[in-house]
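Welcome! Open your viewer, switch to a cartoon view and get ready to select residues as we go.

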Amino acid sequence: MLIDFLQYGLAGLSTLLSGILLFEYKKRATLDTAKQAEQEQKHEALVQGVVAMLRDRLIDTMDHHIEAGWVPVHKAEAVNKMYVSYHNLGGNDIVTQTYQRFTLLPHHQGDDDSV
């Protein structure tokens, strides 16, 4: 009788423990999925924020120098790095057209007024 109780009791206990473990695993997986979705949403928001700031800075800087008719080399290099980052993050549109005009600017004032 005691042996039967132990035999069935241990079988039931292992089933109960398996069920508890499976429940905890599913709960953890659900939390991980929710946390991952939240992290992806935050990452996308950060990317879009950086793209927006780069776009604003690029347009302001390029418009200023296009209007001036020239750009110092160090500014052209900085704009190039910003544009590459902007483009790699998915930004495009009018900035590309402006950047193409910007790259034609001379690096010394008065070298060329035809931009």
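Here is a tour in a few stops, going from the whole chain to single side chains.

**Before you start**

This is a predicted model, in which local features need pLDDT of at least 70 and side-chain atom pairs count only at pLDDT 80 or more, while totals for chains, interfaces and linings use all residues. Residues are numbered from 1 along each chain as its sequence is written, and side-chain values use heavy atoms, with hydrogens and water left out.

**Stop 1: the whole chain**

Colour by secondary structure. The protein chain has 3 helices and 0 strands, which gives the pattern α-α-α along the sequence. Helices here are DSSP runs of H or I with at least four residues, strands are runs of E with at least two, and both are numbered from the N terminus.

Now show the surface. The accessible surface of the protein chain is about 8,900 Å², and 60% of that belongs to carbon and sulfur atoms; the area comes from the Shrake-Rupley method with a 1.4 Å probe. Of the 115 residues, 21% count as buried. Buried means under 20% relative accessible area, exposed means over 50%, and partly exposed is in between (1.4 Å probe, protein chains only).

**Stop 2: helix H2**

Select residues 73-88. This is H2, with 16 residues and a reach of 22 Å from its first C-alpha to its last, close to the 22 Å expected at 1.5 Å a residue. That expected span is 1.5 Å times one less than the number of residues.

After H2, find Gly-90, whose phi is positive, near 105°.

**Stop 3: helix H3**

Select 94-102, which is H3. Its buried residues are Val-95, Thr-96, Thr-98, Tyr-99 and Phe-102. Seen down the axis of H3, they fall within an arc of 165°, so they too line one face of their helix.

**Stop 4: the tyrosines**

Select Tyr-83, Tyr-86 and Tyr-99, which ring pairs link into a cluster. Rings of Phe, Tyr and Trp (its six-membered ring) pair if their centres lie within 6.5 Å; planes under 30 degrees apart count as stacked, over 60 as edge-to-face and the rest as tilted.

The whole structure has 2 aromatic pairs. Tyr-83 and Tyr-86 form a tilted one, 6.5 Å centre to centre with 35° between the planes. Tyr-83 and Tyr-99 are stacked, 4.0 Å centre to centre with 5° between the planes. Tyr-83 lies in H2 and Tyr-99 in H3, so this pair ties together parts that are 16 residues apart in sequence.

**Stop 5: the core**

The largest nonpolar core has 16 residues, and those touching the most other members are Leu-58, Met-62, Val-79, Tyr-86 and Phe-102. Such a core is a set of buried Ala, Val, Leu, Ile, Met, Phe, Trp, Tyr and Cys residues joined through side-chain atoms within 4.5 Å. Helix H1 (2-68), H2 and H3 each supply at least two residues, and H1 gives the most, with 6.

Leaving out residues up to four places away in sequence, Phe-102 touches Met-62, His-65, Ile-66, Val-71, Lys-75, Ala-76 and Val-79; contact means heavy atoms within 4.5 Å.

Terms used. The arc is that of the directions from the helix axis to the C-beta atoms.
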